[in-house]
Each structure stands twice: as C-alpha cells, then as structure tokens.
Amino acid sequence: MSAPKSVIAALTAALVLAGQAVSHAQQEVRIVVTGSSTIAPLMMDIAQRYEAAHPGVQVDVQTGGSSRGLSDVRRKLADIGMVSRALGKDEDDVAATRIAWDGVALIVHARNPLDRLSDDQVRAIYTGQVTRWEALGPWDGPITVVSKAEGRSTLGIFLDYLDLDIRDIRAHTIIGDNEQAVKVVAGNPRAVGYISIGAAEYHASAKTPIRALALGAVAPTSANVANGSYPVRRELNLVTYPDPAAPVEAFLRFASGQQVHDLIADHYFSPASN
C-alpha cells in the first residue's frame, strides 16, 4: 500500500530542510585565536572586519599571553596564536606571520615630573637597589614597582633589553595584560611599569593619567618604532602550524594585508611592511 501524498510531501519537505541545515552547517567556520594581550584588541577589530566580509565565518579572539597562544596552537586548542615577539630557535615547529611592529616603554603617572630614566636607573629600580623616587630626581615617596607575569612576551623583551633575569626582579605588583598595568599606574602616582608603546599612546590619546618614558635615548613613539630607531622594538606575530587549513590561511592573508593597515595605525602599531 502506497503512502498518502501528504505524507510523501511532508517527508520531502523535511529532507529538503535537513539538507539545507547540513549545507548551512558546512558553511559555518570558526577560527580560534588566542594569546598576546598586546595584539588582542587589534585582532578583535581585524576579526570584526573579516566577519563582515565573510558571512558564515566566526573569529573567536581570546587573550592570555604569548605563551598561551603558542601552547594552544601546539596543543591544537587554537588555530592561531598571537605572539608579540620573534620566535626562538626552539620554536621552528610553528610558522609566524608578522602583522605589525611594536615597542616597549616605561610608564609613570602623569604627575611624575621625571622626563626619562637611564637604563642603569631602571635596572636599579627593578632589582630593588633604588626604592624611593627622590634618589632619581624631583619626585618623592616609595617606588611601587609593577612587572609582568611569566609567560608575557613584554616581560621577556624588557628583561632582554636590560640584561636581567626574572629572578632579579623585585616587584610589588605582578600584572598580566597592558590594561592592568595602566590601571595600577594611573591609580598610583608613585608607580612605574612597562607596556606596549601602542597601548601607551592609545591611553595618552584617551587622557588616561600616564606618561611613557623611553627605554634608551630615543623617544617612545610609534613613529620611531616604524622607522626602526627605537631600540626596544618587537614583532607582532600570528603563529600557526605550517600549511594551515584553507579558512585559516585565508584569514592570515587578510590579517597581514594592506586592507588592515588602517586598523594597525588606529592601534598605534606599525605595519609589518615597515
């Protein structure tokens, strides 16, 4: 006995809808990006622009530090790791796509009158040899030393430049991302920290009460990072395993292309082509 036409029509409609659902599911792509808090705000803007141009693609950006980004890629927990430094010799199992340049600068409260600190003075502060501002110039009170947690590439760049080991550091406050450092220094006129030049310039433009001091003799500006004269310059990289999946490779091309140079400038970084 044949099935009623109404039943056949309902089954046909259900199969069509199921096929559409499968087709839609196949079109949905999720790219997971984790790592550096320096790169993350820029990457969120890049992701938003990419998603608008590529319906069906979701780019999920999460922070946690450069070490997390590298580890997540290696453990296949992320498609892309954000790493705000050059890769080391022992990290040749992954590939880096450089998207921008940044620098690292000291930050102090806007009320602190000091124009600069020498490298020796910075070493003395961070190793606990100098503990009060009056030993350095026209400012007084105990110095609150703010440093980054292990696994943060900004810490590694800072230590490398000053030729220090993490065991040498005598910090009062250990923070994670740039925003935490800014919050501590902006709220404490006797504090000193170090962050991305891009983050420092952004907060200066937003009237946050902090000032950037150079590491070295060159002014800590994105322009000096771009022209290569600032001595504490670092790569901002997106890290993957070699030969990533096609959707990931397409996003990498977009994130490293000229179509995002305006976003890089908006975050006070310098495009990688410089």
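Y161 lies in helix 5, where helices (H or I, at least four residues) and strands (E, at least two) are DSSP runs, numbered from the N terminus. The model is predicted: local features need pLDDT of at least 70, side-chain atom pairs count only at pLDDT 80 or more, and totals for chains, interfaces and linings use all residues. Residues are numbered from 1 along each chain as its sequence is written, and side-chain values use heavy atoms, with hydrogens and water left out.

With a relative accessible area of 23%, Y161 is partly exposed. On this scale buried means under 20% relative accessible area, exposed over 50%, and partly exposed in between (1.4 Å probe, protein chains only). Setting aside residues up to four places away in sequence, Y161 touches D119, L215, G216, P231 and V232; contact means heavy atoms within 4.5 Å. One of these, L215, is 54 residues from Y161 along the chain, and the two C-alpha atoms are separated by 8.5 Å.

Of the contacts in the protein chain with a separation of 6 or more, 74% are between residues 24 or more positions apart. The protein chain has 10 helices and 10 strands. Its 274 residues include 45% that are buried.

In helix 3 (residues 66-74), the buried residues are S66, G69, L70, D72 and V73. They line one face of helix 3, because they fall within an arc of 165° when seen down its axis. The arc is that of the directions from the helix axis to the C-beta atoms. The cover over the buried residues of helix 3 includes strand 1 (29-35), strand 3 (80-83), helix 5 and strand 9 (233-240). After helix 3 comes K76, with a positive phi near 60°.

Buried in helix 2 are A40, L42, M43, I46, A47 and Y50. They lie on the same side of helix 2, because they cover an arc of only 145° around the axis. Exposed residues Q48 and A52 are carried by the face turned away from the buried side of helix 2.

Y50 leads on to the aromatic rings. The structure holds five aromatic pairs. Rings of Phe, Tyr and Trp (its six-membered ring) pair if their centres lie within 6.5 Å; planes under 30 degrees apart count as stacked, over 60 as edge-to-face and the rest as tilted. Y50 and F254 make an edge-to-face pair, at 5.0 Å centre to centre and 65° between the planes. This pair links distant parts of the chain, with Y50 in helix 2 and F254 in helix 9 (residues 246-255), 204 residues apart. Both Y50 and F254 are buried. Y126 and F158 also form an edge-to-face pair, because their ring centres are 4.9 Å apart and their planes are at 65°. Here Y126 in helix 4 (residues 119-126) is linked to F158 in helix 5 (residues 153-162), 32 residues apart. Y126 is buried at a relative accessible area of 1%, and F158 is buried at 0%.

Ring pairs also join Y50, F251 and F254 into a cluster. F251 is 197 residues from H54 in sequence, and the two are 9.9 Å apart in space, C-alpha to C-alpha. H54 lies in the loop between helix 2 and strand 2 (57-63) and is partly exposed at 30% relative accessibility.

Two rings have a charged group over them, meaning NZ of Lys or CZ of Arg within 6 Å of the ring centre and within 35 degrees of the ring normal. R190 lies over the face of W139, 4.3 Å from the ring centre. Over the ring of W101 sits the charged end of R233, 3.7 Å from its centre.

Two loop residues remain. D163, in the loop between helix 5 and strand 6 (173-175), has a positive phi near 55° and is not a glycine. D163 is exposed, with a relative accessible area of 68%. K207, also not a glycine, has a positive phi of about 65°. K207 is found in the loop between helix 7 (197-205) and strand 8 (210-213) and is exposed at a relative accessible area of 71%.
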